[in-house]
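Good morning, and thank you for coming.

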4 protein chains.
Amino acid sequence: MKRKINMGMVGGGPGSFIGIVHFNGAVLDGQIDLVCGAFSSDPKKSRITGEQYYLSPERAYSSYQEMIEKEKKLPEGVQMDFLCIATPNHVHYEPAKLALENGFHVVSDKPLTYNTEEAENLVKLVEKTGLIFAVTHAYTGYPMVKEARKLVWEGGLGKIRKIVVEYPQGWLTTLLEKTDSVQASWRTDPARSGKAGCMGDIGTHALNLAEYISGLKVTELCADLSIFVPGRKLDDDGNVLVRYDNGAKGILFASQIAAGEENDLNIRIYGEKGGIRWYQMEPNTLYINWLDKPIEIRRAGNDYMSSIAKYNTRLPFGHPEGLIEAFANIYRNVATCIQHRLEGTKPPPEALDFPTVYDGLRGMKFIDALIESNKSNHKWTRFV
Amino acid sequence: MKRKINMGMVGGGPGSFIGIVHFNGAVLDGQIDLVCGAFSSDPKKSRITGEQYYLSPERAYSSYQEMIEKEKKLPEGVQMDFLCIATPNHVHYEPAKLALENGFHVVSDKPLTYNTEEAENLVKLVEKTGLIFAVTHAYTGYPMVKEARKLVWEGGLGKIRKIVVEYPQGWLTTLLEKTDSVQASWRTDPARSGKAGCMGDIGTHALNLAEYISGLKVTELCADLSIFVPGRKLDDDGNVLVRYDNGAKGILFASQIAAGEENDLNIRIYGEKGGIRWYQMEPNTLYINWLDKPIEIRRAGNDYMSSIAKYNTRLPFGHPEGLIEAFANIYRNVATCIQHRLEGTKPPPEALDFPTVYDGLRGMKFIDALIESNKSNHKWTRFV
Amino acid sequence: MKRKINMGMVGGGPGSFIGIVHFNGAVLDGQIDLVCGAFSSDPKKSRITGEQYYLSPERAYSSYQEMIEKEKKLPEGVQMDFLCIATPNHVHYEPAKLALENGFHVVSDKPLTYNTEEAENLVKLVEKTGLIFAVTHAYTGYPMVKEARKLVWEGGLGKIRKIVVEYPQGWLTTLLEKTDSVQASWRTDPARSGKAGCMGDIGTHALNLAEYISGLKVTELCADLSIFVPGRKLDDDGNVLVRYDNGAKGILFASQIAAGEENDLNIRIYGEKGGIRWYQMEPNTLYINWLDKPIEIRRAGNDYMSSIAKYNTRLPFGHPEGLIEAFANIYRNVATCIQHRLEGTKPPPEALDFPTVYDGLRGMKFIDALIESNKSNHKWTRFV
Amino acid sequence: MKRKINMGMVGGGPGSFIGIVHFNGAVLDGQIDLVCGAFSSDPKKSRITGEQYYLSPERAYSSYQEMIEKEKKLPEGVQMDFLCIATPNHVHYEPAKLALENGFHVVSDKPLTYNTEEAENLVKLVEKTGLIFAVTHAYTGYPMVKEARKLVWEGGLGKIRKIVVEYPQGWLTTLLEKTDSVQASWRTDPARSGKAGCMGDIGTHALNLAEYISGLKVTELCADLSIFVPGRKLDDDGNVLVRYDNGAKGILFASQIAAGEENDLNIRIYGEKGGIRWYQMEPNTLYINWLDKPIEIRRAGNDYMSSIAKYNTRLPFGHPEGLIEAFANIYRNVATCIQHRLEGTKPPPEALDFPTVYDGLRGMKFIDALIESNKSNHKWTRFV
């Protein structure tokens with residue numbers, strides 16, 4: 001019989017931003033229950049967070065190791081089915097590895113790991129175990145992103161020539177890591193974030209979005225990364241020239257010192273017949289600028305939308321959906337895939353549409369290429 | 001000990017639009033569980049919907065009467081705590097009445113009832129039982145609506161002079177009720193919708209929004225209601241001049257034949273010092289046009305926002321929230337109030353900020369006044 | 001041989017807002033020269049303004065009477081061909097009358113006259129003399145307004161059902177007429193403005209725009225006019241329900257106390273197939289919301305635009321044109337018509353597309369109907 | 001005595017886009033008359049264009065050489081005061097040189113010349129003759145660009161860190177030069193356009209805008225130029241990383257194959273305190289995103305605007321001005337400077353605010369640096 005899918009969470013304790021977003025997204029559609037968590041390495045904090053989620057006290061664990069060990073002993077249907085990883089980057093790999101080794105599916109935040117070696121290990125482990133592994137490049141969960149992808153993939157814009165993808169934020173304009181900001185603290189710390197700051201945190205989202213919609217791959221890049229805020233240890237801004245495998249060219253930039261910008265991930269893709277514009281902060285709208293026709297605006301929830309966009313839309317037109325719903329689209333797909341595994345059936349193709357460990361690995365290699373390019377005097381650095 | 005609050009639902013079966021929105025909003029924050037439902041008067045349909053929600057089969061009831069009777073016998077903590085009413089208008093009153101009479105709190109969709117007499121009875125019953133009764137004028141759940149309200153109430157705009165509130169939709173531009181549209185069918189049917197169509201369905205939202213933000217009350221109105229689509233039985237458009245109790249004047253219009261419009265509830269309020277603009281389809285933004293200063297745009301999630309707006313915001317700036325989150329703000333408040341009742345404590349003032357049975361009654365009287373004015377040759381009809 | 005058309009101006013001296021706009025619009029395309037003016041009743045001020053326009057000192061007159069008398073004696077080709085009237089409302093009629101009686105064409109600002117009787121006299125005089133008489137409802141000079149008109153007239157939206165036309169301004173939010181504001185002073189003075197303030201000044205523009213685009217006529221109205229600013233003598237705000245001759249209904253409002261609004265004339269027209277939106281402050285864009293297709297945005301200067309829109313556009317797409325260009329479209333048409341009269345030929349139909357004395361008269365009658373309705377307790381006042 | 005300033009024009013015959021824009025801008029404010037022209041190298045075409053401008057037939061010349069020679073012999077006040085150059089790039093230098101050598105001031109379109117050597121010669125000639133030389137980087141003529149510049153120069157944004165300037169157009173998405181398009185033909189022809197296509201035509205505008213507003217200079221760049229349309233001879237797209245002399249970094253891109261884009265020059269500048277956004281297609285609005293305050297929108301024509309912005313604005317707020325007015329701002333400044341020379345007085349500082357031959361030379365060197373960088377495998381190319 002159909003049952004709810006059980007989620008365990010590592011991370012997401014006090015001060016976490018993303019843990020609660022994962023939770024909201026996971027439970028929104030009623031397919032997933034949070035059943036356990038190792039929310040903090042501090043047992044008390046973990047217990048308090050567990051209470052906030054109305055968990056049984058014994059399932060608010062003090063470590064992911066304990067959680068995985070104990071959950072494994074619970075009966076199927078009671079134990080967690082998958083692990084949600086909502087920790088800082090340096091604590092992605094070990095819980096993911098342990099979960100996979102113990103037969104649990106994984107939904108991990110991005111970037112996938114602390115470094116590329118870890119990411120490659122996870123790919124191998126996923127391939128070996130056959131388990132489901134999703135990475136929450138959640139912006140590709142928006143229905144209009146999927147509409148854009150379908151339009152581009154079907155050749156609606158003709159051959160793609162130019163892609164401009166941007167991710168300006170301004171929240172790190174000052175040395176916020178010297179305040180009590182938990183978020184700023186770990187995201188700017190090489191020991192916890194990895195070798196990139198801004199480019200790992202949000203530059204990887206920009207790459208993922210561009211490649212997801214266009215179906216193209218960046219093959220060469222030329223990066224100019226900066227640390228603008230004195231005292232900061234990792235890049236807080238990066239401008240990148242990119243070239244794609246079909247001959248298209250473009251720009252990718254990300255910034256966390258674009259003062260006054262909120263979270264303005266956006267993309268423009270130009271082909272031979274027209275161009276599209278999509279803005280994360282106005283996610284239910286897709287602009288299509290045709291070469292020789294009036295501008296077209298597609299809006300989520302309309303009958304004229306593609307079936308894949310409709311599949312990822314909950315509300316009728318004009319009733320805004322947001323980022324939690326984009327997360328929920330990934331979680332719903334993961335839950336559906338797990339459900340079908342439980343039943344021994346094949347999930348519908350729509351349910352397979354979520355970012356995986358391969359996207360995660362690509363993000364890690366992108367970081368490597370950016371760092372390499374930034375140090376180089378040569379114009380172009382290969383990225384494959 | 002704190003526990004999750006249990007919700008039962010009446011309505012929300014196949015073809016329902018709003019049932020699932022109530023569900024999403026209720027469960028989003030993890031405080032509420034759906035434990036039972038009478039989703040359809042067809043037992044099979046009710047059971048199927050129950051399965052979709054992973055309910056125990058025995059708690060997918062065939063009628064709200066059965067549900068209330070049986071739930072009442074379950075132990076506290078297991079039984080439903082409150083009833084969510086997501087049925088067409090003519091089935092609001094009876095379940096609400098029965099729930100109240102049996103000690104269950106209620107969250108009802110709007111308009112409150114089929115007619116004003118029913119609404120007045122519910123008010124009496126709420127006053128008599130002391131139970132919680134929320135009405136989902138959900139648009140007032142948006143954080144920027146609350147920010148606007150605070151600004152206006154504190155005199156930020158000076159004395160209010162003019163209010164323009166609009167609710168254009170286009171989905172009933174054709175005789176959709178003659179197709180298989182469940183939504184169009186009951187909403188245009190006097191036997192199920194009540195004596196108003198468009199004005200009851202969405203005109204009441206417009207009134208609620210204007211009065212909620214401004215703190216003013218409409219005292220006189222002059223209505224021109226229309227049925228534009230041949231064969232339709234209830235108004236599908238209405239233009240109304242309104243006057244407020246402080247001397248302000250304004251316009252209120254609602255339409256379901258504004259072809260091409262999605263769900264563009266919006267409001268402009270002008271005082272002596274400036275004016276505000278808010279658009280439901282871009283809900284996280286509040287425009288303030290000052291008399292002699294640059295335009296100001298406030299955005300949800302920023303540090304400069306008021307505490308009441310922050311209380312109703314989940315995500316950091318630039319991460320869009322939508323209508324489900326607005327619903328969830330109401331549900332969270334209701335759950336918090338119920339929780340405090342269980343504990344015998346007083347809820348925080350923020351939690352009391354949701355539309356109640358009195359708002360519902362006011363909506364019903366508004367419908368009466370509109371209908372009366374529409375028939376009258378006199379310019380002004382009193383509305384108190 | 002073709003020659004430039006000569007313009008004389010009455011009004012437009014120091015403190016005038018609109019005189020210079022008429023001038024800019026008249027000379028923009030190089031078809032019209034300003035050759036004389038009676039810019040002020042103060043001879044010195046008139047002379048100074050004449051110098052600013054590089055006029056011969058002897059053609060900067062002290063009164064329009066003197067100007068008309070003396071210009072009449074100059075040879076054709078030297079004398080003014082038409083009179084531009086840029087005075088306050090109470091000085092529209094006499095100069096217009098005198099000009100017509102002496103064989104000069106007229107371009108007058110709006111509202112046409114101080115009262116309806118004067119307007120009717122002008123109509124008779126125009127009919128008697130056969131002279132050209134344009135009234136600068138300049139907003140209908142924008143190319144996208146003409147595009148909208150063509151779309152609607154050709155049935156592109158199907159039968160029109162609803163029209164919402166708005167003209168919010170905020171510049172009279174305070175008692176500006178008690179400062180040294182020349183503009184506020186006469187526009188709020190019954191002796192100079194006429195019996196209406198806001199509704200005459202800008203309400204008439206709203207009516208003209210709605211009727212011009214839709215091709216419909218308002219036949220009934222219900223007005224609620226207000227004086228919000230204590231000490232003011234004429235209406236500064238008006239909300240109006242309107243009904244059109246084809247059964248369409250709608251709203252028309254104008255305000256000069258909509259604090260923080262600049263000059264936001266805008267219109268929405270809904271038919272059976274879709275709706276349009278146009279905003280004066282973003283004049284080169286026309287939004288078309290289709291019933292069942294994506295939103296369409298037409299932009300001035302594109303190849304796909306109608307010929308009448310192209311005729312009224314100077315620049316390629318993406319190169320903004322503004323209000324001066326809209327004025328210039330009227331002036332160019334007037335100059336073309338005069339040119340053809342000089343040549344004894346028939347002007348092209350595009351050149352006849354400008355507001356005339358009949359539009360001016362209609363505006364005056366609209367003011368009468370608004371005032372009558374505002375005083376009445378009956379809901380509907382006829383307007384024909 | 002004050003008199004109008006006389007303009008002669010070279011170029012601007014049939015098929016020209018920019019000639020008429022220069023004319024409109026020059027005459028808009030009534031300070032300048034077009035008195036002569038060499039509109040085409042085809043005498044008949046030149047004569048026809050002259051007639052359209054109502055010129056005396058003898059002043060519609062067959063060549064700029066003839067024009068300069070003959071105009072020189074006319075008396076001061078009759079002869080042209082300055083030459084407007086509205087020809088393709090390869091015919092900028094010779095007329096400019098001849099005009100300067102014969103004592104005429106010059107207003108030239110951009111890019112300044114066909115190559116840098118010519119530009120350097122013009123600089124020398126201007127320095128030698130002391131004549132006025134304006135280059136129509138007209139986008140810096142907009143009032144909101146001047147407001148932005150003032151804000152940035154006064155440190156309103158703090159130290160500047162990042163500049164993103166973009167100029168996407170789509171009109172050359174197809175091989176338009178193989179049709180009868182006069183514009184496409186010469187702009188894509190190395191013999192007439194120079195060594196750059198898109199980057200010379202519009203990339204130079206982007207540079208000028210960024211440097212004008214920021215007061216910074218690009219010192220290093222890394223360019224990736226492309227020819228996307230098969231058969232085209234010059235770049236139709238370019239992506240450039242740039243570094244500024246204060247340590248700021250940024251992106252500059254221009255494209256004429258951004259299908260569906262009209263003329264979307266836009267800029268974002270981020271400092272330590274906030275960022276600004278300005279869009280040429282919505283020119284009367286300036287967005288300021290503050291680090292920790294609501295977004296601020298400044299609009300042309302308001303009292304709160306800076307004096308330099310007001311000086312370049314004609315109409316009250318909410319009455320749109322466009323590109324012709326931006327051109328007119330340059331022409332008005334040039335006319336004012338010439339007027340003051342005639343009077344032997346010093347022009348007001350506001351009148352000196354127009355792009356000069358030095359800006360033109362900088363544009364030419366920018367083209368050189370882009371071409372050099374594009375060929376290089378080194379990441380950075382110096383640009384001084």
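A residue is called buried if 20 or more other C-beta atoms lie within 10 Å of its own, exposed if 12 or fewer do, and partly exposed in between, with C-beta atoms placed from the backbone. Helices (H or I, at least four residues) and strands (E, at least two) are DSSP runs, numbered from the N terminus.

This is a predicted model, in which local features need pLDDT of at least 70 and side-chain atom pairs count only at pLDDT 80 or more, while totals for chains, interfaces and linings use all residues. Residues are numbered from 1 along each chain as its sequence is written, and chains are lettered from A and ligands numbered from 1 in the order in which they are written.

Let me begin with helix α1 of chain C. Its buried residues are C:Ile18, C:Gly19, C:Val21, C:His22, C:Phe23, C:Asn24, C:Gly25, C:Ala26 and C:Val27. That is 9 of the 10 residues of α1(C), so the helix is largely enclosed by the rest of the structure. What do the buried residues of α1(C) pack against? Within chain C they pack against β1 (5-11), β2 (32-38), β3 (82-86) and α11, and from the other chain they meet α1 (18-27) of chain D.

The corresponding description of α1(D) reads as follows. In α1(D), 9 of the 10 residues are buried, so this helix too is largely enclosed by the rest of the structure. Those buried residues are D:Ile18, D:Gly19, D:Val21, D:His22, D:Phe23, D:Asn24, D:Gly25, D:Ala26 and D:Val27. Their cover includes α1 of chain C, together with β1 (5-11), β2 (32-38), β3 (82-86) and α11 (323-343) of chain D.

Two residues are in contact if their C-beta atoms, placed from the backbone, lie within 7 Å. On that basis, 32 residues of chain C are in contact with 32 residues of chain D. On the chain C side, the elements giving two or more residues are α1 (18-27) and α11 (323-343). The largest share, 4 residues, comes from α1(C). For the classes, Ala, Val, Leu, Ile, Met, Phe, Trp, Tyr, Cys and Pro count as nonpolar, Asp, Glu, Lys and Arg as charged, and the others, Gly among them, as polar. The side of chain C that touches chain D then has 15 nonpolar, 6 polar and 11 charged residues.

How are the copies arranged? Two copies of a chain are related by a rotation about an axis and a shift along it. Copies are superposed by least squares on the C-alpha atoms of residues with pLDDT of at least 70 in both. Chain C superposes on chain D by a rotation of 180° with 0.0 Å of shift along the axis, at an RMSD of 0.0 Å. That is the relation of a two-fold axis. The same surface serves both copies, as 100% of the contact residues of chain C recur in chain D.

Chain D also touches chain A, and here the contact takes 34 residues from each of the two chains. On the chain D side, β6 (160-168), β7 (218-226), β8 (237-244), β9 (249-255), β10 (266-271), β11 (274-279) and β12 (285-290) each supply at least two residues. The largest share, 5 residues, is that of β9(D). By class, this side of chain D divides into 11 nonpolar, 14 polar and 9 charged residues.

Chain D is superposed on chain A by a rotation of 180° with 0.0 Å of shift along its axis, again with an RMSD of 0.0 Å. In chain D, the C-alpha nearest that axis belongs to D:Lys379, 2.0 Å away from it. Here too the same surface serves both copies, with 100% of the contact residues of chain D recurring in chain A.

I close with two local features of chain D. Helix α9(D) has 17 of its 17 residues buried, so it is largely enclosed by the rest of the structure. After α9(D) comes D:Gly215, whose phi is positive, near 75°.

D:Ile68 is buried, with 24 other C-beta atoms within 10 Å. Beyond its neighbours within four places in sequence, D:Ile68 is in contact with D:Leu98, D:Ala99, D:Asn102 and D:Phe104.
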